[in-house]
Amino acid sequence: MQTILVQIWYPITVATNSREQKKILAKYLLETSGNLEGLEYKLHDFGYRGVSSQETAGIGASAHLVNFKGTDTVAGIGVIKKYYGTKDPVPGFSVPAAEHSTITAWGKDHEKDAFEHIIKQFPSVPVSIVSDSYDIYNACEKIWGEDLRGLIETRSADAPLVVRPDSGNPLDTVLKVLEILGKKFNPKENSKGFKVLPPYIRVIQGDGVDINTLQEIVEGMKEHRWSIENIAFGSGGALLQKLTRDLLNCSFKCSYVVTNGLGVNVFKDPVADPNKRSKKGRLSLHLTQSGDFVTLEEGKGDLEEYGVDLLHTVFQNGKIVKMYTFDEVRDNAKLKESELDELLL
């Protein structure tokens, strides 16, 4: 039973890692644009093919959708609809997007024709086109910036072309792509003094994105005076697969047993590793006046000081006694004003 229960380490870790990246994006979006518009679509799930199974895909993708609404991992949508439900028909969304074979199948000499065909197929919705099959910089400067410029300029803010580089050093590539596009499509300066490309063209970086490279890219963009409005990110294996139970030290420990009608507090306290000492007794969770959570062991501390116990019984004797909708889960995971204030300190 403990083995099965502790496997919730996986969605916990995916959702936590995803939320921490949301904090990074929120911080830099506020600093470079002054608002959080589009935040829910700034980190897209590219992880379907990088995970170990259909089950992993469904569980991991649904955990990421707690924080964001962009996903290409359809299995996560199925899990949420089956087990939780949402007020919206679906909890996650995507856009038409090219991948390399839809470009290379035209042949190297017809890359421009492939690009033109795809953007004409989707004139009224955002369309993402991978542009590094041969030379990402030539694609941005010559094909997008010259050959097809007129076609791109007819698109709207609701249907931008999203240029996707997919190789090279992530930070260097993003900065160079923005620099080239900025020379071809005149950017404007927003209220925070950062450059923003015209609303009909954007960039998505979907290669090599994890929590560390994400931080590097948005910091690099800020240093070069580019607003985070210009970019979205896609993350694959790093979002759903490059994680272990040890990342957040997730574990279950017995703290209380009843033997022959007698309740006993139990715990572990290994002499060689004090970090593995576990809590004992029947535990309660409380919210302090400062907004922090505190776990109290039975008989420790003044329970009245912190108010009611926030822990709820979900499973009892094999039955589910409390249900949550996915909207409730999302609401609980929202970035709070106090967190946003801390990010900007």
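Predicted model: local features only at pLDDT ≥ 70, side-chain atom pairs only at ≥ 80, totals over all residues.
1. The buried residues of helix H9 are covered by elements that include helix H7 (136-147), helix H8 (149-153), strand S3 (161-164), strand S6 (201-205), helix H10 (211-223) and strand S7 (231-235). Among the buried residues of H9 are Pro 170, Val 174, Leu 178, Leu 181 and Lys 184. Buried here means under 20% relative accessible area, exposed means over 50%, and partly exposed lies in between (1.4 Å probe, protein chains only). Helix H9 (residues 170-184) has 15 residues and spans 21 Å from its first C-alpha to its last, close to the expected 21 Å at 1.5 Å a residue; the expected span is 1.5 Å times one less than the number of residues.

2. Residues are numbered from 1 along each chain as its sequence is written, and side-chain values use heavy atoms, with hydrogens and water left out.

3. The protein chain has 14 helices and 13 strands; helices (H or I, at least four residues) and strands (E, at least two) are DSSP runs numbered from the N terminus. Its C-alpha atoms fill a box of roughly 80 × 45 × 40 Å along the principal axes. Of the 345 residues, 42% are buried. Among contacts (heavy atoms within 4.5 Å) between residues at least 6 apart in sequence, 67% join residues at least 24 apart. The chain exposes about 19100 Å², of which carbon and sulfur atoms supply 52%; accessible areas come from the Shrake-Rupley method with a 1.4 Å probe, and for residues only the protein chains shown count as cover.

4. The largest nonpolar core has 62 residues, and those with the most contacts inside it are Ile 129, Trp 144, Leu 181, Ile 201, Met 221 and Phe 233. Helix H2 (residues 9-33) gives the largest share of this core, 10 residues. A second, separate core of six residues includes Leu 65, Val 66, Ile 80 and Phe 326. A nonpolar core is a set of buried Ala, Val, Leu, Ile, Met, Phe, Trp, Tyr and Cys residues joined through side-chain atoms within 4.5 Å. In soluble globular proteins, nonpolar side chains tend to be buried together. Ile 201 touches Ile 152, Pro 160, Leu 161, Val 163, Leu 181 and Phe 185, not counting residues up to four places away in sequence.

5. Leu 240 lies in helix H11 and is buried, at 0% relative accessibility. Although Leu 240 and Gly 47 are 193 residues apart along the chain, their C-alpha atoms are separated by 5.9 Å. Beyond residues up to four places away in sequence, the contacts of Leu 240 include Tyr 10, Val 14, Asp 45, Tyr 48 and Thr 73.

6. The loop between helix H11 (237-240) and strand S8 (256-259) contains Ser 255, and Asn 249 is placed in the loop between H11 and S8 as well. Ser 255 is buried, with a relative accessible area of 15%, whereas Asn 249 is exposed at 64%. Leaving aside neighbours within four places, Ser 255 contacts residues including Val 264, Asn 265, Lys 279 and Leu 283. Asn 249 has a positive phi of about 50 degrees although it is not a glycine.

7. Asn 317 likewise is not a glycine and has a positive phi, of about 55 degrees. Asn 317 sits in the loop between strand S12 (315-316) and strand S13 (319-320) and is exposed, with a relative accessible area of 77%.

8. There are 18 salt bridges, each being a side-chain nitrogen of Lys or Arg within 4 Å of a carboxyl oxygen of Asp or Glu. Lys 27 pairs with Glu 31, the closest N and O atoms being 2.9 Å apart; because Lys 27 and Glu 31 are four residues apart in helix H2, about one helical turn separates them. In helix H6 (residues 111-121), Lys 112 and Glu 116 are also four residues apart, and their closest N and O atoms are 3.4 Å apart. Arg 164 and Asp 166 form a salt bridge (3.2 Å, N to O), and both are buried. Arg 19, Glu 20, Lys 23 and Glu 339 are linked in a network of salt bridges.
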